[in-house]
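This briefing is for a reader meeting the structure for the first time. Please look over the sequence and the model shown here before going on to the notes.

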Amino acid sequence: MKQPKPHLRTCLGCGREADKRELVRIVRSPEGDVFVDPSSKRSGRGAYVCADEACFEAAVRKDRLGRALKTTVKEDDIERLRHEFEQVATSDARFRSGR
Ligand SMILES: [Zn+2]
């Protein structure tokens with residue numbers, strides 16, 4: 001009996017590997033906009049962090065996010081992303097249950 005292969009992604013904050021459904025996706029769209037992508041379906045270059053503020057902060061503080069997305073994440077963008085991230089981490093059923 002084989003389990004379906006998990007889609008493992010690495011958290012930019014803590015380096016933990018997890019199924020991508022357990023992580024919050026941040027995406028850079030082809031237009032160059034950076035935003036949190038709760039659906040994980042938007043096209044663009046994606047990066048993943050745990051639904052944990054500490055991981056988000058670690059990812060932006062050392063600009064791992066900018067490097068992962070191959071873009072410059074401006075201070076304004078970080079502010080907005082932090083907001084979006086908190087929203088997703090606290091309201092998305094995936095992250096509320098079982099933790
Ligand atoms: Zn993490």
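The model is a predicted one. Its protein chain has four helices and five strands, and in sequence order these follow the pattern β-β-β-β-β-α-α-α-α.

**Overall form**

- A compact globule of 99 residues would have a radius of gyration near 13 Å, and the protein chain agrees with this because its own value is 13 Å.
- Taken along the principal axes, the box filled by the C-alpha atoms of the protein chain is roughly 45 × 25 × 20 Å.
- Of the 99 residues in the protein chain, 27% are buried.
- Counting contacts in the protein chain between residues at least 6 apart in sequence, 54% link residues that are at least 24 apart.

- Three strands form an open sheet in the order 4-3-5, and their pairing is antiparallel.
- Strand 4 (34-36) and strand 5 (45-50) are the edge strands, each of them pairing on one side only.
- On average, and with direction ignored, neighbouring strands of this sheet are turned by 25° against each other.
- Helix 3 (residues 75-91) packs on the sheet and touches strand 3 and strand 4. The direction of helix 3 makes about 20° with that of strand 4.

**Pairing of strand 3**

- Strand 3 (residues 23-28) runs antiparallel to strand 5 and is joined to it by six bridges.
- Within this pairing, R28 has R45 of strand 5 as its bridge partner, and V24 stands opposite V49 of strand 5.
- Strand 3 also pairs with strand 4, again in the antiparallel sense, through three bridges. Here V27 stands opposite F35 of strand 4.
- The hairpin of strand 3 and strand 4 has five residues between the strands, and in this hairpin G32 takes a positive phi near 100°.

**How enclosed is strand 3?**

- How many of the six residues of strand 3 are buried? Six of the six are, so strand 3 is largely enclosed by the rest of the structure.
- Both faces of strand 3 are covered. L23, R25 and V27 are buried on one side, and V24, I26 and R28 are buried on the other.

**The nonpolar core**

- The largest nonpolar core has 22 residues, of which V24, I26 and V49 touch the most other members.
- At least two residues of this core come from each of strand 3, strand 4, strand 5, helix 1 (53-61) and helix 3.
- Leaving out residues up to four places away in sequence, V49 touches C11, L12, G13, L23, V24, I26, C55, F56 and A59.

**Helix 1**

- Which residues of helix 1 are buried? They are C55, F56, A59 and V60.
- Seen down the axis of helix 1, these buried residues fall within an arc of 125°, so they line one face of the helix.
- The buried residues of helix 1 pack against strand 5, helix 2 (64-69) and helix 3.
- On the face of helix 1 turned away from its buried side are the exposed residues A54 and R61.
- E53 is also found in helix 1. E53 counts as partly exposed because 15 other C-beta atoms lie within 10 Å, and a residue is buried only if there are 20 or more and exposed if there are 12 or fewer.
- Although E53 and F85 are 32 residues apart along the chain, their C-alpha atoms are separated by 8.1 Å.

**Positive phi in the loops**

- S40 lies in the loop between strand 4 and strand 5. S40 is not a glycine, yet its phi is positive, about 60°.
- S40 is partly exposed, with 15 other C-beta atoms within 10 Å.
- D63 follows helix 1 and lies in the loop between helix 1 and helix 2. D63 has a positive phi of about 55°, although D63 is not a glycine either.
- Is D63 buried or exposed? D63 is exposed, because 12 other C-beta atoms lie within 10 Å.

Technical notes: Residues numbered from 1 in each chain as written. Predicted model: local features only at pLDDT ≥ 70, side-chain atom pairs only at ≥ 80, totals over all residues. Pairing = 2+ DSSP bridges. Axes fitted to C-alpha atoms, helices over the stretch in contact; angles between N-to-C directions. Contact = placed C-beta atoms within 7 Å. Rg over C-alpha atoms; globule rule 2.2 N^0.38 Å. Core = buried A, V, L, I, M, F, W, Y, C linked by C-beta atoms within 7 Å. Arc of directions from axis to C-beta.
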